[in-house]
Amino acid sequence: MKSVNQEAVEHDPQQLHEELHDIWGNPKGIKALTIVNHTTLGLRFMVTGMVFFLIGGILAMLVRTQLAMPDQDFMSPDIYNQVTTMHGTVMMFLFAIPMLEGLAIYLIPKMIGARDLVCPRLTSLGYFCYLFGGIILTFSLIIEMAPSSGWFMYTPLSSSEYAPGLGSDFWLLGITFVEISAVSAGVELVVSILRTRTQGMALHKMPLFAWYILAMALMIVIGFPPLILASVLLELERAVGMPFFEIAGGGDPILWQHLFWLFGHPEVYIIFLPAAGIVSTLIPVFAGRPIVGYGWVVFAIIVTGFISFGLWVHHMFTVGIPQLAQAFFSAASMLVAVPTAIQVFVWLATLWLGKPKMKLPMLWVMGFLIIFVCGGLTGVMLALVPFNWQVHDTHFVVAHMHYVLVGGMFFPLIAGLYYWLPLFSGRMPSENLGRWGFWLTFLGFNGTFLIMHWTGLLGMPRRVYTYEAGSGWEIYNLLSSVSSFVLSAGIAMVLLDIALHFRFGKPAKHNPWNADTLEWANSMPPSAYNFISLPNVETRHPLWDDPKLPYTMAEGKHGLAVPVHGRREMWGTDPITGKVREIIHLPGNSWWPLLAAAALAVVCISLLVRVYALAGIFVLIAGVFLLRWSWENGAHPIAAPEAAVAPGDPPLHSRTMDGPGLWAMAVFLLANGSFFLSYLFGWFYLWTVSPEWRMPDTSPLSLPLLAAAGIAIAAGAVVMEKLVRGLRHQCDDRLRVGLYLAGTLGAVQVALTAWVLYSANLSPTQTSHDAVLLVGLIYVLFHGGLAVVLTLMQGLRVGYGYVGTHAPFEPAVVTQLWRYNVVTFLVLVGSIAILPRVVGG
C-alpha cells in the first residue's frame, strides 16, 4: 500500500484496475440486489425517480384534460381529487428529492476524490425504503383508494371523518417510509462530505456543488422529522382515535399545518439548492473562467439554509394567526430573496466576465434563469399579506409554485443530466434533439403556467374539478391545457434523446466540456472504485491547474494505490483542513439492507390493513436484521480482521476513536433531536392554543418514579463516559463488566418509565393531553431500550475480541446515544411532569 507521503512509483495500471475491481466490483444476477456501490445506487435512485416522474406527469395531463373545457365529466370529483393529490405527492416526494439525492449520491464521492460514500449499506437501505414506499403509495392509484385530501393532507379533511377510506393511510405510511430514505441519504451525504474529501481538499477548496449538497443534506436531516412526527400523530388519530387534531378532544387541526410547513417550506429550498449547485458548477465551465465570488456563494448557501426554517407561516397567512406573526413571517419571506439574488448576480457576473459557449446544457441553464427569476418575483408578491389574502387558494399560487419548483429544479436538473451524460455513458447527447426538447419544454411550460397566473387573478380556485361556462376562465384554461401537451412533447423529446444516446451517441473524448472538477478524472463510464489512486488536491480547479492529473491518478501515482489487504479503502480526512487522519475501510455488498427494508415494508402494509400483531412481529424482525447488520463492523472478520497498513500510512478508522460511525451517529441524533423538538412544539402549542385543551389538576405521572428513572439513566451515562475515557487512555480493564453495568442501569430506567406509563391510567383516546403524554413516554422508552440493546451488544463484542483498546471507537458511538437519552429524558420530564405542576393548566 502507498503511504501518504511516499514519492510516486511505477505501477501497472491494468493490474491495479484488476485488483481493485476484484475488491469493489459489482456482482451479477440476483446478487445485484446486494450492491452497495454509490455509482450503481445513485443511478437506481435517478432511474426510479424518473419512472415516478412519468407517473406524475401522466396525472398532470389528466388534470389539464379535465380543466380544458367547462362542465367536463372526464373524471368524477373523487377520482379528480385522488389524481391531483397524487400528482403533487409523486412530484414532491417521489421525484424531486430522490432524484436530486440520487444525483448527489452518484457525484459527490467522485467530486471530492473518494471511492464511495462513507456508509454504503445505509445508502442501499435508503434506496429500498424509497422503492418500497413509492410502490405502496402508487399502488393506491391502481385500486382507486389513493389519498384525496391534497398533497399537503390538511386536517380535518384528511382525518377519519372526512376521509374514511384507506387513502390517507396510504399517504401517511408510504410517505413516512420514503422519508426514512431521505433522512438516511441526508446523514450519508453530510458525513461523506465532511470526512472523506481527498487529502488537501480543505473546506474552502471544496467544489461549490458539494457545498450545496452539504446544505441540502443538513436541511433534510433537520427539516424532514417534523413531517414524520405529524404523519405518526395523524395515523395514530386515524387508527386508534388519539385526538391530536380534533378540537373536541383538546387537539387543533392547525397543528398539522405548523408541522407540515416546518418541513414544507425548507423543502422548497432543499429542492432549489442542489439545482442551484448544478448551475454554479456549469456556468464556470461554459464561461471558461472560475466563478466570481466563491465566498459570497458559500455565504448565500448558508444564509438560505438558516432563513428557510423561519418561513413556514408564509403558507398560513389566512388561518388567523396574530398580525405581529404575519408581519414577521412576511419580512422573513422577503428577506430570503437576498441570498438568492446574490447567487443570481454571481452567475450573471461570471457569464459577463467569461466567454460563454452556448452548448446544450447552457441552454437549459438560461431557461432556468428566466423562469426562476419570474417565480421569485411572484414569491415576493405572495409574501405581502394583503395580496396573499386575495390570491390564496387560487391558480395564482399553483402557477407560482410551478415556476419556482419546475423552473428552479427541473431545468437545472436537465442541464446537469446533459452535462454529466458523457460521464454516465461515455457518449455525447444529440444537440438537435436536445434543442428541440428544450424549446418545446420552455414554450409549453410558460404557456401552461404563465396563463394560470391570470386565471388565479380572475378568481379561479385551486382543487376544483370543473367550472361553469361563462365564468371567463374558458379560453385561458384551454390555452393552458394545450400548452401542457406541448410541454409533455418537449419532455418526451428529452427522454427520447437521453435513451437513444446510450446506443447511438457519439463517443465522448476525455473531459469533453473541459471541466475543472474531479469527477471528470474518472473513466467514462466510471469504475466501481472511481479512482485507482487518491490525489492531493489543494485547489478549487484541480483539472484546470493540473490537466495531467487524471492520467497520474490512473497510473497509481497517488495515495492508496496498492490494494494488498483486500479491503475497500479510502481516506478519512479532517473536516476543516482536509488533512488525512485515517484509512476508512468500507463494508462490502450485503443482503441486510434489502432484508431490513422488506421487513419494514411488511410493517407498513400490516398497519394499512390494521393487522397490528403482524406489524409488531415484523418490527422485531426488522430490528433483528438491523442488529445483525451492525454486528459486521469494526474488527469483525468480515469487516477488517487485521489492522495492518503500509509504513507511513495512518491507522484504520476502526482502530481510532474518531471513525465515521461517530459522525453518522451525531448527524442521526441531530435528526432525532429535530423530531423531539417538534414533539415539544406540539405539546406547548396545544397547551397554549387549543381551546378545548384539558390539563388535569394533578399530573397522572409519578414524579418520584421518574426521578428514579432519571438517576438510573444518568448513572448509566456516567459509566459509559468513564469507559470511553479509559479507552482513550488505552485502558480496557473491566470494559465488559462496565458495559453490562451500564446496560443494567439503562434497563432499570426503562422498567421504571414503563411502570410510570402503566400506573398513569392515561385515556389517550379521550384527550389530546393524555395522547401527547403517551407518545412522549413511548419515545423515551424506545430510545432507552435501544441504548440498552446496543450497550449489551458491545459487551458481547468485547467477549468476541471485536472491541477493546485495539478497536476502541464503537463504545464512543453508543455513548453519544446515552448522552442524547439523558438530555431528552430530563427535558421531557421537565416539560410534561414538572412544568405543569409549577405553572398550572
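1. Where does Thr466 lie? Thr466 sits in the loop that joins α15 (431-457) to α16 (474-504). Bear in mind that this is a predicted model.

2. Thr466 and Ala68 are 398 residues apart in sequence, yet their C-alpha atoms are 9.2 Å apart in space. Beyond its neighbours within four places in sequence, Thr466 is in contact with Gln66, Pro70, Asp71 and Gln72.

3. A polar atom of the Thr466 side chain lies 3.1 Å from the backbone nitrogen of Asp71. The Thr466 side chain also reaches the backbone nitrogen of Gln72, at 3.2 Å.

4. Now helix α4, residues 120-142. Its 23 residues should span 33 Å at 1.5 Å a residue. The end C-alpha atoms of α4 are 34 Å apart, which agrees. Of the 23 residues of α4, 17 are buried, so the helix is largely enclosed by the rest of the structure. Glu144 follows α4 and has a positive phi, near 55 degrees.

5. Next, the domain annotations. An unreviewed UniProt entry gives "Cytochrome oxidase subunit I profile" for residues 18-538. Over residues 18-538 the chain is 68% helix and 0% strand. The end C-alpha atoms of that range are 29 Å apart.

6. UniProt also lists "Heme-copper oxidase subunit III family profile" for residues 580-837, again from an unreviewed entry. Residues 580-837 are 70% helix and 3% strand, with end C-alpha atoms 53 Å apart.

Notes
Residues numbered from 1 in each chain as written. Predicted model: local features only at pLDDT ≥ 70, side-chain atom pairs only at ≥ 80, totals over all residues. Heavy atoms only, no water. Helix = DSSP H or I, 4+ residues; strand = E, 2+ residues; numbered from the N terminus. Expected span 1.5 Å × (residues − 1). Buried < 20%, exposed > 50% of the residue type's maximum accessible area, 1.4 Å probe, protein only. UniProt positions renumbered as here; feature names shortened; annotations may be inferred. Contact = heavy atoms within 4.5 Å. Polar contact = N/O pair within 3.5 Å; in protein donor to acceptor, adjacent residues only side chain to side chain.
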